[in-house]
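Please open the structure in your viewer and keep the selection tool at hand. We will go from a whole chain to its parts, and then across to a neighbouring chain.

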Amino acid sequence: MKRINLAPVSFLALFFGGLFFSKMSVIFVLNEVITRFIRDAVLVLALVLPIIAGMGINFAIVVGAMCAQAGILFIIIAQINGIAGFVSAAFLGIGFSAAVGYLVGRCLNRVKGKEMIATIVIGMLANGVYQLVFLVGYGTVIPAHNREILLSTGKGVRSMVDLADYRNILDRIWVVELGDVTIPVFMVLLVLAFCSVVAYFVNTRIGQQIKAVGQDTDTAEVLGIDVNRIRITVMILSLAIACLGQMIYLQNIGMFSVYTAHGNSDIISAAAILAGGATIKEARVRHVILGVFLFHSLFIVSPQAGQHIFGNAALGEYFRSFVAYATITVALILNLGTRTVPPMQTKVKDQ
Amino acid sequence: MTSVLRLERISKSFGPYRVLKSVDLVVDAGEIHGLVGENGSGKTTLLNIIMGHPAIQESGGYSGDILLDGRRVEMKSPQDAIQAGLGMVHQEFALLPGLTAAQNIKLGRENLHPFARRLLGESLAYVDRARDRAEAGAILRRLGIELDTSIKCGNLAVNLKQYVELAREIGRSGLRVLILDEPTAALDREDAHRLMPLIQKLACQGIGIIFVSHRLEEVLEICHRITVLRDGEVVADLDQGDGDLNLDAVARAMIGRSVVEMKRKGNSPVGTVFMKFQDFAVDMPGEMIRNFSLEISQGEILGVAGLSGHGKLALGYGLMGAYPTRGRVLVDDRELDNTCSSKVLAKDICFLPDERRCSGLLLDRSLVENIVFTAAQHKHKFLRLHLGPLSMINWKSSREYARRSVEWFGIRCRDVYQQVGQLSGGNQQKVCLARAVALEPRVLVVAEPTRGVDIGAREAIFEALLRINQERGTTIICVSSDLADLKQICDRIVVMYEGEVFAELSSHSQDVEFSLALGGKRLADNAAS
Amino acid sequence: MPLLKRNAPQFFVFFFLVAMAVATLFVGDMPLAGLVGDALVRLFMNGVMVLSLVPMLSAGVGVNYGLPIGLLAGLLGMCVAVNYRLGGIAGFAGAILVAVLIGLIFGYAYARVSRRVKGHEEITGLFVGCSAVFIMCFFWNVAPFTNPEMLWIIGGGGLRPTIGLESTFGKVLNDLGTFNVGGIQIPLAGLSFFGALCLLLSLYLHTRSGRAMAAVGESETFAFFSGINVGKYKTIAVVQSTVIAAVGICVYAQSYGFIELYNAPLMMAFPAASAILLGGSTGKRASVIHVLVGTSLFQTAYVFSGPLANSLLVPELSEILRVIISSSIILYALIYAGEGKSA
C-alpha cells in the first residue's frame, strides 16, 4: 500500500545537484538551513489545518503575516520596547488574526470549492487595506506619535523600519555550537513545540471533526457536525499561527520592510509543505519539517548553482521562483485532476 | 404499543413544486415500518426532513409537526435529529473514506484520555484510539462481523461499509428511531438475508425502525406495516395484521391509477424490424443494465417500465454513450458506434433525458435558441453563410420555425424569446420535444416525459408523442416509472427487473401482471405459491 | 433589492467615479479633457486583454487566470519584431502575426493542462501562468536576440526588463488618425482596432461553433446529448483566449511604449478579471458588452483617481485603491456565484 512519495525524493535530488554545482560548503548550507528552519517553519505550519479541513492551501496566511506586522507597527507607534513590546505585539497580532480569521472563514464558507482562489484574492485585498492604513492612514487618521518611522512627506510609514529592539530576541536564547554548526536550541525546541501542539490538536475531538469536514463537507454535515463553525475555527487558528510565524520571522531578520516582508510568504510556504510530501488534500506535521528543510536547502544553493552553470546568478533566482510555482502547479494538477474523464457525469437522484 | 415517532401533516415545496402533501406517518417502539414509493414520490425528502438535512432548511423548511415520544420537536439541523435520538443508515453511505472504521464508528463520541479531559475539556482532550478501536470492534461483533477497525473506510468492500455504517448508528446510546435507507442495495442476496434478523433484533430492543427498500419482497418479509407514497401523498397504509399486505397490493399502490383510457387507438401498422439490441449492457451507477436484448420495429411506440434501480433509465444514457456499454446495437444491420454522441445523432437517434432542467434544456436561453439548437448543430438547418462551423445562425428562419413549433405543440409562452427557465414543467417538456422534432429523428428515446408535469399537461404530451409517431413515422421508446402513462400510448411494454428485460407485455395486459413483473414475479409463480 | 445586491460592485464603482469626478472639479486646475482622453486610450489599451477572457468564460472554463500564458506569446511576438527592427504598422502587424502563431501553440498546451483539472481550471491556470512566466524568465536571459536595443548594455547576456519601442512600433495605434474634439484627443485607430476585435468575437459567438461553445458553458450534459464534443470546444475556448491575450499585450505595449519582460506579466490577470466581472459578467457567462462596460468603468476610475491622489500628496493612493477595488470585485463575484449555486 505504501507508495514512495515522489515530492521529497525529487527535491532531494535537485538539492544534491544544486549543491554539487554551487560548490558551497555543506557546513555553510547546514547553518543557513537551520536559520531558515527556525525562521519559516511556523509559517508553513499554518497551512496544515486548512489542508486537513479540505480547504486546500490557505494562501491567506499572508493576511496572518500582515496582522503580525500591524501588531508590531502599532507597538512601535506606541513606543513600547524590549520583551514587553514584543509580547504585546504578539498579542495584538493574534487579536487581529482572530478577527480577520473569522471574517475570512465566513467568506470562505460562501465560496465552497473555490477556497484557494478566494484566499489569493483575500490576500491581495488585505494587502491593499494594509497599505492604505500604513501608507495613507498613518499621519492622517492615525496620529503620528512616533516620528522616526514617518516618511518625510509627513504621511505614511517608511518602507524600512529597524527592529533593533526585537532583533534575535528569541534566537539568542540557549545557542549551542557543534563544531562549525550553530544550533539555537531554544528556537528549534520552540518550533518543534508548535509542531507538537498542532499534531496534538489534530488528535482531539475537534481535530477529528476537522478531518471529517475535510473528507466530505456534505457527509460531515449529515453526521451532525457544524461544518461552517469548524471551518471558521480552522481559519482563525491558521491565521493566528501564521501571525506568530511572522513574528518569529521578523525578529530573526531584525529589519522590517513594511510593505514587502510578507510578500511571497504564501507561495514559499505552500511550496515547502508540498515539497515535504503533503498534497492539496492531505498534510501532516512531518511534511512541514521535512518540507522546510528540503525546499530551503534548494533555495540556498540555487543562485550559486545558476552562477556556476550559466555564469548568471539571476538564472538561479528564476529557477527557484519557478520551482516554487511549479511545485504548486504540479500538486494542483495531480491532486485535482481526474485521470479518466467520463463522457458525462450525472447523478440519478430521488427527489 | 406506544408510538415513538409521529409525523403529522408534513408538507414541503421546492419553489413551485409541491413534493410532499400533508404526509402522516406513525412508527411504534419496536416496529419495523416499511416506506416504499417510486423515484420522485417524495421518500427521500421525507427522510431528509426527519433527519434535519441542511437542504431542507436552505429551501425554506417544512410545515407540519414531528412528535417524538409525544413531544413536538423541530428538526433544524442534523445535530437536532441526532440529539433527539434519531439515526440513519444512508443509501450512499455517510462514511468518511479517509478515516478508519473505528474513527467513523466513534465519530463525535470518541473515548478521551481522562487526564487531558479534566485539564482541557472535552473538545481538546486527546483521543484514546486504542479504546475506540476495541469498542468499535465490539459493536461490529454484535452485528456478527469480525473486522480490523484500523482499516480506512475507503478501502473496505461495499458490504463491510454497510455494516460500519450500521455500527455507527447502533453504537449510539439513546437511539430511539433508526432509518434504514436502502440498506440492502449494496449487498448481495446472502448478505441481505443475514441483515434481516439483525434488524428484527434491533426492533426487539424497542427501537422504532423505518425501512426503505426497492426490494419489495424484503419489505414484505420483515415489516409490520407499510406506508406507500406516491406523488408526495400517502396512498396506502397497509398493516400486517389486516392480511392485506401482499406484493400485488403494494405494487399496485406504488404505480397508481389502474383504470386507464387507452389513447392509442388500435395497433398502428408496425413496420419491419430495423433496430436490434444484442446483449446490451450499461454500466450506469445505481441503474445498471446487465442484459438488454430486444428488436424494435419501424414506427412503433415501445414502453420501458421498471422500478428504479432496475436499469430502465440507463437505456437512453447507454445508447448515447454517456456511460460505458457492452454488447451491440444494430441499426439497419450495421453496428451503432456510440463512442461519440454526435455519431449516434448522425444515425437519427435522439435522446431526451429525464433530468430535463439540467440536461435537456438551456434554461437561461430563449425558446428559439433551444428549439433550433441541436438541428443547427447536426442537420445544418437554420444557418446562413454556409462556412462550416463558422456558419451564422439564421435567426429569421429559426424564429419562424420556433413559432410553428409553439403552435404545433401548443406551448404556452409569452413569445418565442421568453427564457425557457420561466416556463412550466409541461411546456418545458414540449420545448424538448420540439427540439427533438427539428432534428427529424427516426428514433426518439424519451425518459420520464411526464415527471414533474401536472395532469392536464400530461395529456398534451401524450398527444404530442402520438402525433410525432403518426405524422412523421418516428419510432418512440418511452421510459417511464408511471405505468399508467405507458399503457395509454405504447404498443408494447417491456418490464425491466434487475437490469434485464423481465417481461414483454402489451398495454392490454392485466394490472396484476404488471405489478408482479415489476417485483420480478410471474403470474404462474404467484399461482403456484 | 436583488438588483442592488447583484450589481453592488457596479453601483459602488459608479458612485466612486462620480465622487471622484466631483472631487476633481473641486480640486481645480484638473485637465478634465486630458483625463477623458487618457481614459479612452486606457480603454482600448487594456480592453483587448479583458476581451480575451470572454471565450473561456463562455465555455464555462471560468476566469482565465492563466492570462500570462497568452501575454508571454505576445511578448515573444513583439521581441521577434523588434529584433528584426520592424517599424511602424508593419512592425506592429508582424508582432501580432508571430504572437498569434505562438499563442496557438501555447494555448493548445495550456488547454491540455486545463482539461485535466475539470472544475479547478481557475486556480490551476493561475499557477500554470506563474510557472510559465518564470520559465520564460530563463528564456529571456538566454534567448539569441541580437538587436542591441533589446540587450543589456553591459555584461551582455539576456534581454533588458523593459525594451523601448519608440524606434519601432511604439504608439503606432495611438497616433494614427487621432483627432481632437473639444480638447479631447480621440484615438481613432486604437478604438477602431479594439472595436473590430469586439465585433469579430461577438460575431463568432453567433456562429454555429460559438453557440455550441456557449451551450457547453451552460450545461455540459445538454451539450453532450446534443452531440457536441465538450472537450473540443473547451480546447477551442482556451486557445482563443490565449491568442486574443497575445494580441492584447501587443496593443498594450505599443501604447505604453515599452515591452515589459520578466516578472511583469505575473499579476496582470487580476485587473482584467475584475474589469469583466465589473462589467456584469457572472463568472459563468460573458459578452462583449460586459467587456466594454467593465473596462470603461474600471479604467476611468483609475485615471480619475490619479490626480486626486497626487493632490493629497500620496501618489501611491491610486494604485492602492485600484488593488482594493479590483480584488473586492473579484471576491464579491466569487461569493455571489457561490450563493447562486447553493440556492
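## Chain B as a whole

Select chain B and begin with its contacts: among those between residues at least 6 apart in sequence, 68% join residues at least 24 apart. Keep in mind during the tour that this is a predicted model.

Colour chain B by secondary structure and you will find 20 helices and 22 strands. Its radius of gyration is 26 Å, close to the 24 Å that the globule rule gives for 529 residues, so chain B is as compact as a globular protein of that length. Along the principal axes, the C-alpha atoms of chain B fill a box of roughly 80 × 60 × 45 Å. Of the 529 residues in chain B, 48% are buried.

## Two domains

Now give two colours to chain B: one for domain 1 (3-85 + 174-255), another for domain 2 (273-528). Taken over C-alpha atoms, the centres of domain 1 and domain 2 of chain B are separated by 33 Å. Where they meet, 13 residues of domain 1 of chain B are in contact with 14 residues of domain 2 of chain B. On the domain 1 side, select helix H9 (216-222) and helix H10 (247-255) of chain B, the elements that give two or more residues to this contact. Which of them gives the largest share of that side? Pick H10(B), which contributes 5 residues. The domain 1 side of this contact divides into 6 nonpolar, 3 polar and 4 charged residues.

## The six-stranded sheet

Next, show the open sheet of chain B whose 6 strands follow the order S6-S7-S8-S3-S9-S10, with mixed pairing. At its edges are strand S6 (86-89) and strand S10 (233-239) of chain B, each pairing on one side only. Look along the sheet and follow the twist, which averages 20 degrees from one strand to the next.

Zoom in on S6(B) and strand S7 (residues 177-181) of chain B: they pair in the parallel sense over 4 bridges. Within this pair, Met88(B) stands opposite Ile179(B) in S7(B).

Helix H1 (residues 43-50) of chain B lies across strand S3 (32-37), S6, S7, strand S8 (208-212) and strand S9 (225-230) of chain B. H1(B) runs at about 150 degrees to S7(B).

## A strand with two partners

Move on to strand S11 (residues 273-282) of chain B. To strand S12 (residues 289-297) of chain B, S11(B) is joined by 6 bridges, and the two run antiparallel. Click on Val273(B) and look across to its bridge partner in S12(B), Ser297(B). The hairpin of S11(B) and S12(B) has 6 residues between the strands, and there Gly286(B) takes a positive phi near 85 degrees.

S11(B) is also joined to strand S14 (residues 325-331) of chain B by 6 bridges, again antiparallel. Here Gln278(B) stands opposite Arg328(B) in S14(B).

Bring chain C into view.

Select helix H13 (residues 269-278) of chain C. All of it is worth a look: 10 of its 10 residues are buried, so H13(C) is largely enclosed by the rest of the structure. Among the buried residues are Phe270(C), Ile276(C) and Leu278(C). Just after H13(C), Gly280(C) takes a positive phi of about 115 degrees.

Finish at Leu159(C), in the loop between helix H7 (121-142) and strand S1 (162-164) of chain C. Is Leu159(C) buried or exposed? With 23 other C-beta atoms within 10 Å, Leu159(C) is buried. Leaving aside residues up to four places away in sequence, Leu159(C) touches Trp140(C), Ala143(C), Phe145(C), Met150(C), Leu151(C) and Leu261(C).

Key. Residues are numbered from 1 along each chain as its sequence is written. Chains are lettered from A and ligands numbered from 1 in the order in which they are written. This is a predicted model: local features need pLDDT of at least 70, side-chain atom pairs count only at pLDDT 80 or more; totals for chains, interfaces and linings use all residues. The radius of gyration is taken over C-alpha atoms; the globule rule is 2.2 Å times the number of residues to the power 0.38. A residue is buried if 20 or more other C-beta atoms lie within 10 Å of its own, exposed if 12 or fewer, and partly exposed in between; C-beta atoms are placed from the backbone. Two residues are in contact if their C-beta atoms, placed from the backbone, lie within 7 Å. Two strands pair if DSSP finds at least two bridges between them. Domain bounds come from an automatic or database domain assignment. Ala, Val, Leu, Ile, Met, Phe, Trp, Tyr, Cys and Pro count as nonpolar, Asp, Glu, Lys and Arg as charged, and the others, Gly among them, as polar. Axes are lines fitted to C-alpha atoms, for helices over the stretch in contact, and angles run from 0 to 180 degrees between N-to-C directions.
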